[in-house]
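Here are a few quick notes to read alongside the model.

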Amino acid sequence: MNPDSTVSPSSDAGTGDRLGFETRAIHAGQEPDPATGAVVPPVSFSTTFAQEAVGKHRGFEYARSGNPTRAALESCVASLEGAAHGLAFASGLAAEDCVLRLLSPGDHVVMPDDAYGGTYRLISKVWHPLGVTYAAADLTDLDALAGAWRPETRMVWVETPSNPLLSIVDIAAVSAWAHERDALVVVDNTFATPYLQQPLALGADIVVHSATKYLGGHSDVVGGLIATHDAGLAERLAFYQNAAGGVPGPLDCYLVLRGAKTLAVRMDRHCANAAAIAGHLDQHPAVERVLYPGLPSHPGHAVAERQMKAFGGMVSFVLSGGEEIALEVARSTRIFTLAESLGAVESLIEHPHRMTHASAAGSPLEVHPALIRLSVGIETLDDLVADLNSALRSATGVTEP
């Protein structure tokens with residue numbers, strides 16, 4: 001695992017290009033207010049900004065085009081991802097939609113065969129009817145990527161770890177392969193977060209996030225983010241951001257900024273709890289298979305160890321008893337709340353086949369019906385383990401190891 005948390009340059013003047021991740025999470029884009037000295041930058045709700053003369057302003061004209069609070073968030077996230085440019089959106093899918101606007105009718109995109117259901121829906125149901133073609137492939141295998149490739153392929157869409165199967169893609173290898181063929185590489189870094197993984201440093205062109213998840217971290221804000229090194233891509237994406245208007249409100253930006261300040265300490269606890277739970281479930285007689293990149297048995301373990309600082313807070317597992325048992329487990333926990341979404345301080349449990357990935361039913365991306373996905377929170381570990389043991393015992397009659 002990569003122990004260096006200080007390699008990412010800051011895009012924000014005054015934060016320094018070698019300051020640690022935790023320092024940049026708190027300070028990048030967030031200097032004290034020059035007017036009052038407020039340590040927390042004020043939230044700007046204004047929709048319009050006074051101009052000294054026609055075309056002469058202080059960097060802001062109209063809030064869809066730019067807002068001081070949004071600018072602070074964009075600067076902070078760019079710094080955390082080691083990027084030169086950051087862009088904020090009203091949701092993760094709004095950010096993804098903006099990236100897909102880089103494609104033209106006739107272009108082709110290769111996506112994971114275990115992609116997030118919302119990503120699959122966006123590409124297959126929105127962009128495909130507009131002329132963008134796609135193929136789903138196992139991106140952990142370069143031969144599978146080659147098999148899905150077409151002369152018109154212009155983009156490879158990567159999730160690593162993926163949602164919900166927690167597959168691990170070698171970002172450096174895929175990026176090198178795609179760049180040799182003049183295609184862009186986009187990495188959804190939502191599960192790993194910039195604290196655990198730096199896709200741009202590994203060769204990717206664009207990073208996207210659902211800020212609703214770990215960056216916000218408290219289940220109280222919806223948002224999306226893009227980061228990139230490339231000035232030309234950033235200019236095009238900023239044009240689409242403004243023209244399409246899928247931007248976040250200032251309070252949403254403030255909430256993500258507030259969440260990002262504690263990202264590192266939260267992720268340390270998420271990872272520790274998830275690793276312990278994965279190891280426990282791996283020994284449970286009612287569990288057929290555990291999907292967690294921190295387990296040596298995981299096929300992507302070596303790659304994850306190389307490109308991630310730790311293995312994340314998400315754990316998926318397949319129940320031996322099938323779908324009905326999985327449904328019973330999902331509704332039997334008390335501390336793990338049955339709910340969609342992930343990445344917040346509280347632990348969540350869900351059934352992807354019927355919930356987050358229902359839109360992939362009947363497609364090559366359909367999820368195993370006995371799969372359960374856990375978003376492991378930062379509660380007391382013993383309480384989480386006891387809760388899962390109780391639910392498994394209630395659903396299967398099998399006692400924990």
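Which residues lie nearest the centre of the largest pocket?

1. Bear in mind that this is a predicted model. In it, Pro-41, Pro-42, Pro-68, Thr-69 and Ala-72 lie nearest the centre of the largest pocket, out of 21 residues that line it. The volume of that pocket comes to about 460 Å³.

2. As for what builds the lining there, helix H2 (68-80) and helix H9 (250-261) each put in at least two residues. Sorted by class, the lining of the largest pocket has twelve nonpolar, five charged and four polar residues.

3. The second largest pocket has a volume of about 390 Å³, and 22 residues line it. Nearest its centre you'll find Leu-93, Tyr-116, Asn-163, Ser-210 and Lys-213. Helix H3 (92-100) and strand S6 (206-210) are the elements that give two or more residues to this lining. Its make-up by class is nine polar, seven nonpolar and six charged residues.

4. Now for strand S12 (residues 371-375): five of its five residues are buried. In a regular strand, side chains alternate between the two faces of the sheet. Here Leu-371, Arg-373 and Ser-375 sit on one side, with Ile-372 and Leu-374 on the other, and both faces are covered. Note that Arg-373 is on that buried list too.

5. Who pairs with S12? Strand S9 (residues 314-319) runs antiparallel to S12 and is joined to it by five bridges, with Ser-316 opposite Arg-373. Strand S11 (residues 348-350) also pairs with S12 in the antiparallel sense, over three bridges; there, Ile-349 has Leu-374 as its bridge partner.

Definitions and conventions. Residues are numbered from 1 along each chain as its sequence is written. This is a predicted model: local features need pLDDT of at least 70, side-chain atom pairs count only at pLDDT 80 or more; totals for chains, interfaces and linings use all residues. Side-chain values use heavy atoms; hydrogens and water are left out. Buried means under 20% relative accessible area, exposed over 50%, partly exposed in between (1.4 Å probe, protein chains only). Helices (H or I, at least four residues) and strands (E, at least two) are DSSP runs, numbered from the N terminus. Two strands pair if DSSP finds at least two bridges between them. On a 1 Å grid over the protein atoms alone, a cavity is a set of points where a 1.4 Å probe fits but cannot get out, and a pocket is an open set with protein on both sides within 12 Å along at least five of seven lines; lining residues have an atom within 4 Å of a point. Grid points are joined across faces, edges and corners, and a volume is the space filled by probe spheres set on the points. Ala, Val, Leu, Ile, Met, Phe, Trp, Tyr, Cys and Pro count as nonpolar, Asp, Glu, Lys and Arg as charged, and the others, Gly among them, as polar.
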